[in-house]
Amino acid sequence: MAQCNNPIIEVNGLAKRVPTQGGELTLLQDIHFSILPGEAVAITGASGSGKSTLLGILAGLDIPSDGEVRISGRDLFALDEDGRALLRRDAIGFVFQAFQLLPNLTALENVMLPLELGDRHDAREQAAEILARVGLAARLTHYPRHLSGGEQQRVAIARAFVTRPRLLFADEPTGNLDSATGRRIIELLFEINREQGATLLMVTHDASLAERCSRALHLDAGRLT
Amino acid sequence: MKGLRFALRMLRRDWQAGELRLLCMALVVAVASVTAVSFFTDRINQALELQAGELLGGDLKVTATRPISAAVRQLAREAGLAQAEVVEFPSMVMSDDAARLASIKAVSPAYPLRGGIHITKRSPAPPHAAQDMPQAGEVWLEPRLLRHLGLEIGDEVTLGNARLHITAALVNEPARASGTLFTLAPRLLLSLADLPATGLVQPASRVTYSLLLSGPADRIRAFRRAAEEVLASGARITGPEGARPEIRSALERGGRFLGLAALVSVMLAGIAIAMAARRFAGRRLDDCAIMRCFGASQREIVTAYFLELLFLAIFASLLGCLAGYLAQLGLVGLLGSLVALELPAPSFFPVVAGMLTGLVTVLGFALPALLHIGRVPALRVLRRELGALPAYSLSIYGAGIIAFGLLVVWQTGDWAMSAYALSGVVGVLLSLAGIAAMLIYLLRVWQHRVPRSWRFGVMSLTHRAGGNSIQVAAFGVGMTVLLLLTMVRVDLLASWENTLPPDTPNRFLINIQGDQVEELHRRFQAAGIGGAGIFPMVRGRLVAINGAPVAPDSYRDERAQRLVAREFNLSWAAQLQVDNEITAGSWWDEGKGGDGLSVEEGLARTLGIHLGDRLDFEVAGSIFSGQVSSLRKVAWDSFRVNFFVIAAPGILDGYPANHISSLYIPPGKAEDFSAIVRDYPNVTVIDVAAIMDYVRVVMERIVLAVDYVFVFTLLSGLLVLFATIQATLDERIRENAIMRTLGAGRAQLVRALLVEFAAVGLLAGLVASGAATLLGMVLGARVFHLPYALDPVMILLGTLAGGVGVCIAGYLGTRRVLDRPPLQTLMERA
């Protein structure tokens with residue numbers, strides 16, 4: 001795993017505020033941190049502390065009210081929406097708590113999707129290969145509704161890694177699973193992450209999970225503590 | 001009361017949240033389509049009722065093909081009724097430069113007994129009610145007749161042997177439309193006193209005699225009873241209820257057809273309503289589960305939603321009635337001039353009809369989905385999979401189909417016809433949906449081969465095969481009808497004209513007298529106008545077959561009843577016409593015909609006439625008899641003169657006859673032809689080209705009106721499209737968020753949407769063009785008996801129009817999917 005001194009993620013003075021009927025609500029404020037390539041970082045905190053909002057902003061899925069985010073030195077919000085989408089396609093993988101598979105696509109088609117978006121010609125082969133890697137070689141043509149929660153999350157992990165991303169964002173990846181299945185999924189996630197040498201940023205409120213990461217960022221009411 | 005207030009509050013909130021707008025719009029379109037037709041037919045009906053006396057010209061009218069008998073006149077005198085006489089027939093009217101076919105009406109001074117006639121004595125002075133009828137030597141002409149003849153008020157005009165002075169332009173005559181639908185020939189009104197001088201009324205002329213009567217209702221009733229006893233055959237009595245039969249019959253058939261056409265929109269709107277209601281109910285399941293948790297009873301929940309729906313139905317139906325009233329003005333614009341009646345304001349009935357349509361549609365299509373909500377268990381708050389709505393259950397669509405069936409029965413008043421109409425609409429919808437599903441399945445098999453940039457759109461289409469098939473079918477039905485109407489209008493008429501040989505007769509000459517036949521024949525030949533067969537014609541009514549009397553009630557078939565009730569044209573000939581073919585028996589040899597009759601095979605079949613039967617005809621009060629010696633097949637569409645019954649030469653001698661001919665006048669001979677016929681003022685010329693132009697104009701108008709009603713169908717199809725889009729909107733928003741997260745650019749997502757909707761539209765266009773072509777071919781072969789060729793341009797245009805239309809509508813309906821930040825969606829889902 002190659003480590004170098006240039007951070008892959010740099011966050012400076014990040015803040016997020018949303019207007020509500022009762023006035024402005026601050027979700028995040030004064031966030032500063034950086035993450036080096038190959039690190040595995042947990043973002044922890046209580047419900048409503050702003051963990052998922054932070055992850056969403058780091059992935060360019062939402063726009064901050066203040067501050068900047070640099071991915072591999074590039075200012076994420078200097079890019080337009082399509083520019084950020086392109087960055088995600090080329091460099092970022094996602095695993096969600098609710099799996100977020102497309103119900104009308106088979107397991108194989110779900111995994112092919114990011115490759116097809118990138119116009120890759122070997123999408124089918126690559127997708128089948130990684131599905132075999134996560135132990136779902138026999139489930140390629142199954143639709144999400146025919147898969148168990150654990151299997152769905154394996155498909156999601158396969159989809160996240162199939163593009164060999166430099167960064168993997170995981171949002172409570174075991175939140176919808178029982179503890180035994182959750183453990184197996186986490187093993188798989190860390191295993192493939194190691195194989196591919198990606199930087200992992202994981203939102204979790206599970207302390208034991210956070211301990212498996214190289215360090216943790218703790219959020220409390222929108223601030224890093 | 002508490003429930004009422006609660007329901008109103010819910011309605012306000014749901015309306016503000018935009019949840020009910022599509023349902024409301026669909027209902028407005030459904031009610032507007034039905035009420036537009038209803039308002040229009042109601043106004044014509046009212047015009048006919050309110051102006052019945054004026055339209056008839058009296059309280060009662062006795063009509064006959066021969067002068068009204070003395071016995072009837074005597075009865076009217078004894079009853080103390082006012083009388084006016086009218087004689088009507090078609091004839092040529094001539095100026096020094098032009099000759100025109102006109103509808104001649106000679107009236108006695110007392111005419112009309114009810115209503116009035118509007119004339120102008122000095123153009124362009126405004127018209128006024130005429131105090132008297134034209135005096136002897138005077139005529140009044142409809143303005144378009146004046147225009148055609150190049151004449152003005154004050155000029156003279158030739159009618160038969162008489163030269164008459166034009167003293168007024170006849171602007172409006174309630175007893176006869178001045179519009180175009182039923183009035184091929186414009187009117188000329190003259191005094192009855194001048195009729196003999198014209199020399200136009202000959203024993204066998206086609207003349208209608210009428211006696212108009214007015215007086216107190218009881219005396220009119222008494223007269224009617226007595227007169228029916230002494231009425232000669234071929235004569236009939238008409239009361240105000242029978243005024244303007246041509247409009248009544250057109251109204252009954254046309255109104256019913258337009259009403260059914262409007263119901264197609266109701267059916268499609270119903271589908272949109274069912275879909276919108278299902279989505280609405282689906283989104284209320286959690287609310288209801290929580291309400292149940294807090295102690296609301298099933299009854300309270302159902303009542304609240306029922307009332308909410310009822311308020312919405314009332315509001316939307318009222319809006320629909322208003323839209324229908326406005327749309328009706330368009331129908332009046334298209335068809336009003338054809339019926340030319342003073343149309344009164346509509347009655348309240350169409351509003352009632354509209355409200356009922358709205359309520360039945362909502363109850364049928366929307367209520368079942370909402371009733372499901374009442375059954376949601378409180379446990380759903382813990383287990384979300386409980387109490388989910390069934391996908392497309394029979395209980396949801398079954399109730400809608402029953403409601404629609406009731407509307408059809410109400411519209412037609414005929415169970416059998418309703419069953420046909422209902423199964424027709426449902427059948428077409430299911431067929432189109434089935435074909436669409438099949439095409440989508442084929443596309444699914446083939447989708448990995450489509451260009452990469454289109455693939456997401458095609459996949460989106462194939463993954464929503466069910467909803468998309470319904471979209472294709474709903475949109476396709478509207479398009480099928482519009483395309484079919486375009487084809488019928490353009491192609492079938494053109495196709496028919498093309499089937500006619502170039503020398504097809506284009507002029508008919510009627511009313512030729514026996515002593516003019518030889519001379520006319522000679523003059524036509526000298527002018528190089530050939531092929532003019534001039535045929536004798538005697539008018540007679542069939543009274544007995546093999547000695548057994550026949551009357552209209554001897555037959556169950558409507559056509560047979562009509563044929564027996566009226567006089568038809570008999571002729572005699574030594575030789576069989578070239579376009580006739582003997583199918584049974586044999587044609588007579590020259591001079592050996594005896595009392596043989598040759599009968600057209602269709603007529604023989606309808607009336608049950610066989611070879612060897614003896615037929616008795618009443619001709620001018622005496623009986624003429626003959627034996628059927630052959631049956632003939634006649635090409636009626638040849639535009640040549642043909643007869644139902646032809647007698648062997650000799651046996652009709654002595655009966656009053658006039659002659660008829662049809663000729664082909666090449667463009668270069670038109671002047672010579674006009675010059676010849678101008679010397680025979682009694683001969684009436686009917687220009688086929690003018691009739692064809694007239695038919696085309698009338699048909700264009702009617703087809704436009706039908707198109708107009710079917711625009712509502714297209715609108716409803718569009719609403720189904722929006723309803724299906726809305727039904728999948730949540731799913732699309734989520735898919736969009738995931739795709740964006742995985743790195744899809746906006747252009748990629750827009751392209752996927754455009755490809756999906758263009759494909760839906762192209763499929764709808766293709767299926768509709770195919771269905772319209774197929775129906776066009778079936779109609780051509782079975783109804784119009786015309787070859788109908790495939791029109792690739794029409795199919796291509798129809799397909800493209802569908803593609804572009806749905807593409808634009810679909811993009812507009814889903815645009816907001818693209819504008820939603822993905823994180824918001826993903827966090828909501830989590």
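Glu81(A) forms a salt bridge with Arg740(B), and their closest N and O atoms are 2.2 Å apart. (A salt bridge here is a side-chain nitrogen of Lys or Arg within 4 Å of a carboxyl oxygen of Asp or Glu.) This is a predicted model, in which local features need pLDDT of at least 70 and side-chain atom pairs count only at pLDDT 80 or more, while totals for chains, interfaces and linings use all residues. Residues are numbered from 1 along each chain as its sequence is written, chains are lettered from A and ligands numbered from 1 in the order in which they are written, and side-chain values use heavy atoms, with hydrogens and water left out.

## Where the two chains meet

How many salt bridges are there between chain A and chain B? The count is one. Helices H1 (51–58), H2 (81–91) and H3 (107–117) of chain A each supply at least two residues of the side that touches chain B. (Helices, H or I with at least four residues, and strands, E with at least two, are DSSP runs numbered from the N terminus.) H2(A) gives the largest share of that side, six residues. By kind, the residues of this side of chain A divide into 14 nonpolar, six polar and 11 charged. (Ala, Val, Leu, Ile, Met, Phe, Trp, Tyr, Cys and Pro count as nonpolar, Asp, Glu, Lys and Arg as charged, and the others, Gly among them, as polar.)

Now for the whole interface. In total, 31 residues of chain A are in contact with 29 residues of chain B, where contact means heavy atoms within 4.5 Å. The two chains bury about 2800 Å² between them, 57% of it on carbon and sulfur atoms. (Buried area is the accessible area, found with a 1.4 Å probe, that two parts lose on being put together, summed over both.)

## Two sheets in chain A

One open sheet of chain A has six strands in the order E6-E7-E8-E3-E9-E10, with mixed pairing. (Two strands pair if DSSP finds at least two bridges between them.) Strands E6 (92–95) and E10 (223–224) of chain A stand at the edges with a single partner strand each, so one side of each has no neighbour in the sheet. E6(A) and E7(A) run parallel, joined by four bridges. Helix H6 (residues 179–196) of chain A packs on this sheet, touching E3, E6, E7 and E8 of chain A, and its direction makes about 155° with that of E8(A). (Axes are lines fitted to C-alpha atoms, for helices over the stretch in contact, and angles run from 0 to 180 degrees between N-to-C directions.)

The other open sheet has four strands in the order E2-E1-E4-E5 (chain A), with antiparallel pairing. Here E2 (23–35) and E5 (74–75) of chain A are the edge strands, each with a single partner, so one side of each is left without a neighbour in the sheet. H1(A) lies across E1, E2 and E4 of chain A, running at about 60° to E2(A).

## Strand pairs side by side

| Strands | Bridges | Facing residues |
|---|---|---|
| E1(A) and E2(A) | nine | Leu14(A) and Ile31(A) |
| E2(B) and E10(B) | seven | Gln83(B) and Leu213(B) |
| E2(B) and E3(B) | nine | Phe89(B) and Ile104(B) |
| E7(B) and E8(B) | four | Glu156(B) and His165(B) |

In chain B, E2(B) and E3(B) form a hairpin with four residues between them. E7(B) and E8(B) also form a hairpin, with two residues between them, and Gly160(B) in the turn has a positive phi of about 60°.
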